[in-house]
Amino acid sequence: MTHSAGAEFTGHCLCGAVQFHGAVRDPDLRACHCSQCRRWSGHVWGGFTTGHVTMTGDVRWFRSSDRAERGFCPICGSSLFWRRIGSDQIEVAPGAVDPPTGLRLAGHIFVADKGDYYDIDDGLPQDSGE
């Protein structure tokens with residue numbers, strides 16, 4: 001199954017307290033290697049773009065910069081969403097989406113800030129983020 005633009009998806013956090021559904025805006029996801037995403041997720045964070053997401057359960061939002069905030073489950077701590085302040089688009093963590101996701105990794109962003117403990121050698125486009 002491939003999620004194309006407009007395809008519906010469902011998902012949930014690790015403990016199931018937060019559930020969500022919506023429609024895919026862009027099935028291509030980018031892995032973010034910036035220091036904030038690495039600290040937030042424990043490694044690399046990726047997301048795909050959607051518009052409105054319907055959420056049930058308590059989602060907590062942490063304003064991680066003057067431009068963006070991150071949504072997570074306050075019970076299990078799952079990193080679920082990223083959004084730019086004032087935007088109608090939400091980035092959803094593909095690992096929290098029920099399979100089959102139909103999503104695909106299309107590239108890497110903020111690679112100039114990546115961790116020193118790994119290499120990126122999958123041949124996908126890399127944006128330094130500088």
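Select K114 and Y118. The charged end of K114 sits over the ring of Y118, 4.5 Å from the ring centre. Keep in mind throughout that this is a predicted model.

Now pick R83 and W61. Here the charged end of R83 lies over the W61 ring, at 3.6 Å from its centre. Leave W61 on screen for the next stop.

Across the structure, the count of aromatic pairs comes to six.

Zoom in on F9 and F48. Their ring centres are 5.1 Å apart and their planes meet at 85 degrees, so this pair is edge-to-face. An angle over 60 degrees is what that class requires.

Move on to W40 and W45. This aromatic pair is tilted, with 5.3 Å from centre to centre and 45 degrees between the planes. W45 is buried, because its relative accessible area is 6% and the limit for that class is under 20%.

**Strand 3 and its partners**

Next, bring in residues 90-92. They make up strand 7, which pairs with strand 3 over three bridges, again in the antiparallel sense. The landmark here is T50, which stands opposite I90 in strand 7.

**Salt bridges**

Switch to charged side chains. A search of the whole structure finds four salt bridges.

Select R25 and D88. The cut-off is 4 Å. Which parts of the chain does this pair link? R25 is in strand 2, while D88 is in the loop between strand 6 (79-84) and strand 7, and 63 residues separate them. Color by accessibility. R25 is partly exposed, at 36% relative accessibility. D88 is exposed, with a relative accessible area of 56%.

Stay with strand 2 and select D28 together with R104. This salt bridge has its closest N and O atoms 2.7 Å apart. R104 lies in strand 8 (residues 104-109) and D28 in strand 2, so the pair ties together parts that are 76 residues apart in sequence. R104 is partly exposed, with a relative accessible area of 40%.

Finish at R60 and D58. Their salt bridge puts the closest N and O atoms 3.1 Å apart. Where do these two side chains fall on the accessibility scale? R60 is partly exposed at 43% relative accessibility. D58 is partly exposed too, with a relative accessible area of 42%. Both values fall in the class between the 20% and 50% limits.

Notes: Residues numbered from 1 in each chain as written. Predicted model: local features only at pLDDT ≥ 70, side-chain atom pairs only at ≥ 80, totals over all residues. Heavy atoms only, no water. Pairing = 2+ DSSP bridges. Helix = DSSP H or I, 4+ residues; strand = E, 2+ residues; numbered from the N terminus. Buried < 20%, exposed > 50% of the residue type's maximum accessible area, 1.4 Å probe, protein only. Phe/Tyr/Trp six-rings, centres within 6.5 Å; stacked < 30°, edge-to-face > 60°. Lys NZ or Arg CZ within 6 Å of the ring centre and 35° of its normal.
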